[in-house]
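Subject: Structure handover and what was found in it

Dear colleague,

Please find the structure below, together with its sequence.

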Amino acid sequence: MIYSTSPTSNSSAVSNSSAFSGQLPQQIFTRREVIPLQNDVLWRIEHGAVRTLTWSEDGTFITLGYWGLGDLIGSPLSRVKPYQIQCLTGVEVSIVPPHLWHQDINALLSHIQQAEDLLSIVHRKPISLRLWQFLVWLSEKFGRDVDKGKLIDLNVTHQDIAEVLNTTRVTVTRLLQQLEEEGTLLRHKRRIILRSPNNKLIQNYYGSAVC
């Protein structure tokens, strides 16, 4: 048995917003830069990837979501405090004012659906399944097909993954090494390649996972 996820595609949201994207003011941010919050502005991602996050009283980061092309982000979409939008790559965004939000209804719905996808993943057990489904989710959202599988074209660290999955960096490192040893994933220049879902190694591993 193989476990999988079916993340919501945001292609309709991208096409829906393309009609007026060129008319909106845009800004560019660098990797690890924080996008400023404004109560009356949503940002639509035209290029790059970001994560939204908060943190606990002891300073532990809690990742709320990963967002890419066509996604809407901004403080009007969250009641979480504190709240931050951090660029994972160089990012280009359009500024969407309130009177245009209704034109991006598909992107707003996609935001809700993706948040629920991720929420369902972080509550899966065992941790090995949680990690695998998160990697599949990333590969569907930020991946591209290569000869050996699907490359997750995003530089996420073991600590980044641990913060999403509510586990430790040590656990993530151990499980990634196990997946690599079994041929379920490959490494390529600090990126991860997921092997084909039809690979028997994947089926055997997740058909018997109990850890």
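In what follows, two residues are in contact when they have heavy atoms within 4.5 Å of each other. Please keep in mind that this is a predicted model, in which local features need pLDDT of at least 70 and side-chain atom pairs count only at pLDDT 80 or more, while totals for chains, interfaces and linings use all residues. Residues are numbered from 1 along each chain as its sequence is written, and side-chain values use heavy atoms, with hydrogens and water left out.

The chain as a whole

The secondary structure comes to six helices and twelve strands, where helices (H or I, at least four residues) and strands (E, at least two) are DSSP runs numbered from the N terminus. Of the 211 residues in the chain, 45% are buried, a word that stands for under 20% relative accessible area, with exposed meaning over 50% and partly exposed what lies in between (1.4 Å probe, protein chains only).

His-111 belongs to helix H2 and is buried, its relative accessible area being 9%. Neighbours within four places in sequence aside, His-111 is in contact with Trp-67, Leu-72 and Leu-77. Gln-86, which has its place in strand E7, counts as buried because its relative accessibility is 12%. When residues up to four places away in sequence are not counted, Gln-86 touches Arg-32, Glu-33, Val-50, Arg-51 and Leu-53.

Strands and their pairing

Two strands are said to pair if DSSP finds at least two bridges between them. An open sheet is formed by four strands in the order E2-E7-E4-E5, with antiparallel pairing. Strand E2 (34–35) and E5 are at the edges with a single partner strand each, so one side of each has no neighbour in the sheet. Inside this sheet, strand E4 (residues 50–55) pairs with strand E7 (residues 84–87) in the antiparallel sense over four bridges, and the bridge partner of Leu-53 in E7 is Gln-84. Elsewhere, strand E9 (residues 143–146) and strand E10 (residues 149–152) run antiparallel and are joined by four bridges; they form a hairpin with two residues between them, and Asp-145 stands opposite Lys-150 in E10.

The nonpolar cores

A nonpolar core is a set of buried Ala, Val, Leu, Ile, Met, Phe, Trp, Tyr and Cys residues joined through side-chain atoms within 4.5 Å. The largest one has 28 residues, and Tyr-66, Phe-134 and Leu-135 have the most contacts inside it. Among the elements that each supply at least two residues of this core are helix H2 (105–122), helix H3 (127–142) and helix H5 (169–181), and H3 gives the most, with eight residues. A second, separate core of 14 residues includes Ile-35, Val-50, Ile-85 and Val-91.

The largest pocket

A pocket is found on a 1 Å grid over the protein atoms alone, as an open set of points where a 1.4 Å probe fits, with protein on both sides within 12 Å along at least five of seven lines; its lining residues have an atom within 4 Å of a point. The largest pocket is lined by 23 residues, and Ile-62, Thr-63, Leu-64, Ala-115 and Leu-119 lie nearest its centre. H2 provides the largest share of this lining, six residues.

With kind regards
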